[in-house]
Amino acid sequence: MAIRPVLRMGAPGLWEQSQPVSAFDTPELAALLADMQDTMQALNGAGLAAPQIGVNVQVVIFGVEKNPRYPDAEEVPHTVLINPLLDPVGEEMEEGWEGCLSIPGMRGVVPRFKALRYRGFDQGGRAIDRTVSGFHARVVQHEVDHLRGILYPLRIRDPRRFGFIEALFPEASQPSETGNG
Ligand code: NI
């Protein structure tokens, strides 16, 4: 178990497609997940995707309890999600502020599906099937985008609502609706 360096935007691996996991319950998968948990926890992230620590496999983790970074954020159950599939529920989109551990110090307003169903597997190969909305749905979409080589700036519609935290919010604390992963 170790805190691993997080790749920053510009690193070629963040633009790559990640490969599906073919074997569950392996020592390699357990070691990867332990490093991801340690890294996410150390950086107070809401989520982390394996390619962010340089491993291009379809593994993401996320979860929000009382994170000091998002005092008003909705809780999201701690989840290991492998080989995910997303299906939007309806076509409604919702804009919200996001950040990313690979783009430190910045925030942007990103449109996401308001509700979606996600399926995949946990580390033991047990099926996960949830239908969620709001912040939970946003975090899942952000993390799964990492597996497809997509960082949130690619989804921003108005570049004027993308920038450095200090410049965007000079007086205020950070916006509460933030998915940092
Ligand atoms: Ni991210």
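This is a predicted model: local features need pLDDT of at least 70, side-chain atom pairs count only at pLDDT 80 or more; totals for chains, interfaces and linings use all residues.
Next, display the side chains of the helix. Which residues of helix 1 are buried? They are Leu 29, Leu 32, Leu 33, Ala 34, Asp 35, Met 36, Asp 38, Thr 39 and Met 40. Strand 1, strand 2 and strand 3 are among the elements that cover these buried residues. Just after the helix, select Asn 44, which takes a positive phi of about 55°.

Five strands form an open sheet in the order 1-2-3-6-7, and their pairing is antiparallel. Strand 1 (47-49) and strand 7 are the edge strands, each pairing on one side only. From one strand to the next, the twist averages 35°.

The sheet may be followed pair by pair:

- Strand 1 with strand 2: the two are antiparallel and share 3 bridges. Select Gly 47 to find its bridge partner in strand 2, Phe 62.
- Strand 2 with strand 3: these run antiparallel and are joined by 5 bridges. Select Val 64, whose bridge partner in strand 3 is Val 76.
- Strand 3 with strand 6: here too the strands run antiparallel, with 5 bridges between them. Select Ile 82, whose bridge partner in strand 6 is Phe 121.

**Ile 82**

Remain at Ile 82, which lies in strand 3. Is this residue buried or exposed? Its relative accessibility is 0%, so Ile 82 counts as buried, the cut-off being under 20%. Leaving aside neighbours within four places in sequence, the residues in contact with Ile 82 are Val 21, Phe 24, Leu 29, Gln 58, Val 59, Gly 120, Phe 121, Asp 122 and Gln 123. One of these, Asp 122, is 40 residues apart from Ile 82 along the chain, yet the two C-alpha atoms are separated by 6.0 Å.

In soluble globular proteins, nonpolar side chains tend to be buried together. To see the largest nonpolar core here, which has 19 residues, begin with Phe 62, Leu 81, Leu 116, Tyr 118 and Val 140, the residues that touch the most other members. The elements giving two or more residues to this core are strand 2 (59-64), strand 3 (76-88), strand 6 (115-121), strand 7 (127-133) and helix 2 (134-147). Which element gives the most? Helix 2 does, with 6 residues.

Centre the view on Tyr 118. Not counting residues up to four places away in sequence, Tyr 118 touches Phe 62, Thr 79, Leu 81, Leu 85, Leu 86, Ile 128, Asp 129, Arg 130, Val 132, His 136 and Val 140.

**His 142**

Finally, select His 142 in helix 2. With 3% relative accessibility, His 142 counts as buried, because the cut-off is under 20%. Display His 146 as well: the side chains of His 142 and His 146 make a polar contact at 3.3 Å.

Definitions and conventions
Residues are numbered from 1 along each chain as its sequence is written. Side-chain values use heavy atoms; hydrogens and water are left out. A nonpolar core is a set of buried Ala, Val, Leu, Ile, Met, Phe, Trp, Tyr and Cys residues joined through side-chain atoms within 4.5 Å. Buried means under 20% relative accessible area, exposed over 50%, partly exposed in between (1.4 Å probe, protein chains only). Helices (H or I, at least four residues) and strands (E, at least two) are DSSP runs, numbered from the N terminus. Contact means heavy atoms within 4.5 Å. Two strands pair if DSSP finds at least two bridges between them. Axes are lines fitted to C-alpha atoms, for helices over the stretch in contact, and angles run from 0 to 180 degrees between N-to-C directions. A polar contact is a pair of N or O atoms within 3.5 Å; within protein, one must be able to donate a hydrogen and the other to accept it, and residues adjacent in sequence count only if both atoms are side-chain atoms.
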